[in-house]
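User: I'd like to go through the charged and nonpolar side chains in this structure with you. Could you bring it up?

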Amino acid sequence: MASEYDDLSDLWYQYTFSSIDEVILHELRPSSDISGKPIALDVGCGTGIQSLRLASLGYRVLGVDIADRLLVRARRKLAEADYADADFMIADAQSLPLDDNVAHCVNCCGPTLSFIPDWRDTLTEVSRCLKPGGKLLLEVEGKWNLDLFWEIANALGFNFLGYDESLLTALSHLLPPWRLGHTIDYSFKSSSDTSVSMPLRLFTAVELEEELQSRGLAEEKRWGLHATTNLIPSTILHKANPSRPLTIIFRALARLEKKVNGRWPLNALGCSLLVLARKKQHCPDSTEDGN
Ligand SMILES: C[S@@+](CC[C@H](N)C(=O)[O-])C[C@H]1O[C@@H](n2cnc3c(N)ncnc32)[C@H](O)[C@@H]1O
């Protein structure tokens, strides 16, 4: 995906990435009492979209990803913006080659965690590398969203929305256990029209809060992304170069969503859950070294 990753010509990803960017700007500014340059760890940094924003806030960025072609683009992007101290390394997030308590903040968006088979180990690693008191911004795919109903309508309507899913599969997403997420087979077409399929973990807000809590990470805020914009099916919003009427309706829904998606119940719904958590000062398996 390296060559096409930064091409955000659809409404869906433009909105997702701008929402993440806004939260980074408001919530991840380094505190002024840190001595030396603060460190931001970007886990699954890809082409460095969030790394660039974190560097602009004054962090020295450590970017980690398993895809070397994406890292090449991330290195180039930050070098061109004159952030010469940014460091990008190829590594598996399930076992990070970093010391404990190294980062003042961790970003893991995109949603990287949903693509990692051992997401539990990854959360443990993220918590280990974060300093006590440091913040984690995490984005995952959400289980409870309006696409569930669009998928059923699509299966009944002879695939008129292009979800390419049988009625049985669409209905299976509604089965219990309701408080736990599940893994789906995520298929998409790359710009070269090659079909790609990969497992994708969808999370519920309840389980995510518990998983974070058990690793010493206290959830402070949560937003549901595409909780209301998904009144329009995601397959339509993924199309490149949307029409003007669609853009106008989408923007109205997005404006509404931004007013309410940090509050219950919308902060537990949506196609992505964006969570801000803080590592507790007294956390098992971590050395308290402050900043
Ligand atoms: C959807 S991209 C998100 C990239 C970036 N954070 C963004 O928002 O643009 C997910 C990233 O996770 C990376 N990734 C997947 N599995 C990984 C793993 N086990 N360890 C490290 N990175 C991984 C992929 O290579 C990809 O760059």
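User: Is Lys 259 buried or exposed?

Analyst: Lys 259 is exposed, with a relative accessible area of 61%, where buried means under 20% relative accessible area, exposed over 50%, and partly exposed in between, with a 1.4 Å probe and protein chains only. Please keep in mind that this is a predicted model, in which local features need pLDDT of at least 70 and side-chain atom pairs count only at pLDDT 80 or more, while totals for chains, interfaces and linings use all residues. Residues are numbered from 1 along each chain as its sequence is written, and side-chain values use heavy atoms, with hydrogens and water left out.

User: Where does Lys 259 sit, and which residues gather with it in a patch of positive charge?

Analyst: Lys 259 belongs to helix α10, residues 244–260 (helices are DSSP runs of H or I with at least four residues, and strands are runs of E with at least two, numbered from the N terminus). On the surface, Lys 259 gathers with Arg 244, Arg 251 and Arg 255 in a patch of positive charge. Patches are made of residues with over 30% relative accessible area and no salt bridge, like charges being joined within 9 Å and nonpolar side chains (Val, Leu, Ile, Met, Phe, Trp, Tyr) within 5 Å.

User: Which residues form the nonpolar patch on the surface?

Analyst: That patch is formed by Leu 156, Leu 167 and Leu 171, which together have about 260 Å² of accessible area, a value from the Shrake-Rupley method with a 1.4 Å probe, for which only the protein chains shown count as cover. Leu 167 lies in helix α7, residues 167–172, and is partly exposed, with a relative accessible area of 33%.

User: Switching to salt bridges, how many does a search of the whole structure find?

Analyst: The search finds 13 salt bridges, each being a side-chain nitrogen of Lys or Arg within 4 Å of a carboxyl oxygen of Asp or Glu. Among them, Arg 128 and Glu 125 meet at 2.9 Å, N to O, and both lie in helix α5, 3 residues apart, about one turn of the helix. Glu 125 counts as buried, at 12% relative accessibility.

User: Which pair links distant parts of the chain?

Analyst: The side chains of Arg 179 and Glu 210 meet in a salt bridge at 2.7 Å, N to O. That pair links distant parts of the chain, with Arg 179 in the loop between α7 and β6 (182–189) and Glu 210 in helix α8 (residues 205–213), 31 residues apart. Arg 179 is partly exposed, with a relative accessible area of 42%, and Glu 210 counts as partly exposed too, at 43%.

User: What about Lys 135, which is buried yet has no salt bridge?

Analyst: Lys 135 is found in strand β5, residues 130–142, and its nearest side chain of opposite charge, Glu 27, is 4.2 Å away. Lys and Arg count as positive here and Asp and Glu as negative, with His and the chain ends not counted. A polar atom of the Lys 135 side chain does lie 2.9 Å from the backbone oxygen of Glu 27.

User: And where is Asp 118 found?

Analyst: Asp 118 is found in the loop between α4 (112–115) and α5 (119–129), and at 30% relative accessibility it counts as partly exposed. A polar atom of the Asp 118 side chain lies 3.2 Å from the backbone nitrogen of Asp 121.

Methods
The place of a charge is taken as NZ of Lys, CZ of Arg, CG of Asp or CD of Glu. A polar contact is a pair of N or O atoms within 3.5 Å; within protein, one must be able to donate a hydrogen and the other to accept it, and residues adjacent in sequence count only if both atoms are side-chain atoms.
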